[in-house]
Amino acid sequence: DRTGFNLDTLVTNLEKLSAFTADRSSISTEDVSRVVVREKKDPIFNLTNAIMEKDGRNALTVLENLKSDGFHVLQIIKTLENQFRKLIRIREFSNHAFPDGPRAGQMSFNQFKQTILKAAVSHDQAALKAFTDQEIELTGEPVKKKDIPQDLFLAPNPKNAYPVFQTFQKSERFSLTELCHILLFLSDLDYKTKTSAIDAMTQIENLIMRICSKGGFVYAEKDQDRCHDF
């Protein structure tokens with residue numbers, strides 16, 4: 001927890017602990033707390049990965065570490081929004097392109113590349129053409145590569161397909177309705193955080209626990225809120 005996966009840092013800290021404890025036969029957690037400075041920095045994607053794995057304990061630990069490392073709550077909310085928006089696009093694509101299967105979670109990586117990835121690349125090419133055609137019609141100028149939004153693509157780097165495969169697999173841990181509920185919750189939390197004195201971190205903790213619990217996440221029931229009518 002304090003060194004991450006850096007072997008050199010681990011070895012250095014073990015040497016410090018050995019010197020600190022001298023002739024004692026064991027090293028206690030109190031020794032670690034006194035000697036080892038926490039050097040591990042949790043990238044924010046560790047949080048999204050833990051949530052997509054529905055690993056609540058790990059997700060809450062990473063969230064606390066991000067908070068200690070000075071991450072602003074709005075940065076965390078926005079990252080989660082972007083991730084779940086992408087999962088929604090993947091589920092919508094999968095449901096439309098393969099209504100009767102197959103699904104990424106039921107196939108090997110090679111099978112994924114030959115079927116779903118090919119369809120995703122074709123989808124991305126069509127989406128890119130539609131975007132550039134629209135921009136040219138609006139501005140009369142060709143679109144620069146830097147102006148193309150990366151969230152337009154299901155497979156932004158098809159040559160590095162394994163992360164795409166993993167994301168497709170993780171999207172299947174959620175129903176499309178559940179993903180929409182989560183995104184609505186995050187959008188509302190973003191607004192409330194900017195306009196009122198709300199403990200957003202506690203709200204994110206509650207969200208994580210509800211996502212990772214059995215039964216799925218429900219935020220807006222049908223007819224309960226006309227703005228969020230499912």
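The following questions and answers look at a predicted model, in which local features need pLDDT of at least 70, side-chain atom pairs count only at pLDDT 80 or more, and totals for chains, interfaces and linings use all residues. Residues are numbered from 1 along each chain as its sequence is written, and side-chain values use heavy atoms, with hydrogens and water left out.

Trainee: How many disulfides does a search of the whole structure find?

Mentor: A disulfide is a pair of cysteine sulfur atoms within 2.5 Å. For Cys-212, the nearest cysteine sulfur is that of Cys-180, 18 Å away, and Cys-212 is in no disulfide. Over the whole structure, the number of disulfides found is 0.

Trainee: Is Cys-180 buried, partly exposed or exposed?

Mentor: Buried means under 20% relative accessible area, exposed means over 50%, and partly exposed is in between, with a 1.4 Å probe and protein chains only. Because its relative accessibility is 24%, Cys-180 counts as partly exposed.

Trainee: At which residue does helix H6 bend?

Mentor: Helices are DSSP runs of H or I with at least four residues, numbered from the N terminus, and H6 covers residues 109–139. The bend at a residue is the angle between axes fitted to the seven residues ending there and the seven starting there. In H6 this angle is about 40 degrees, and the residue is Ile-116.

Trainee: Which helices do the buried residues of H6 pack against?

Mentor: The buried residues of H6 include Phe-112, Ile-116 and Phe-131. With contact meaning heavy atoms within 4.5 Å, their partners are helix H5 (73–97) and helix H7 (162–171).

Notes:
Helices (H or I, at least four residues) and strands (E, at least two) are DSSP runs, numbered from the N terminus.
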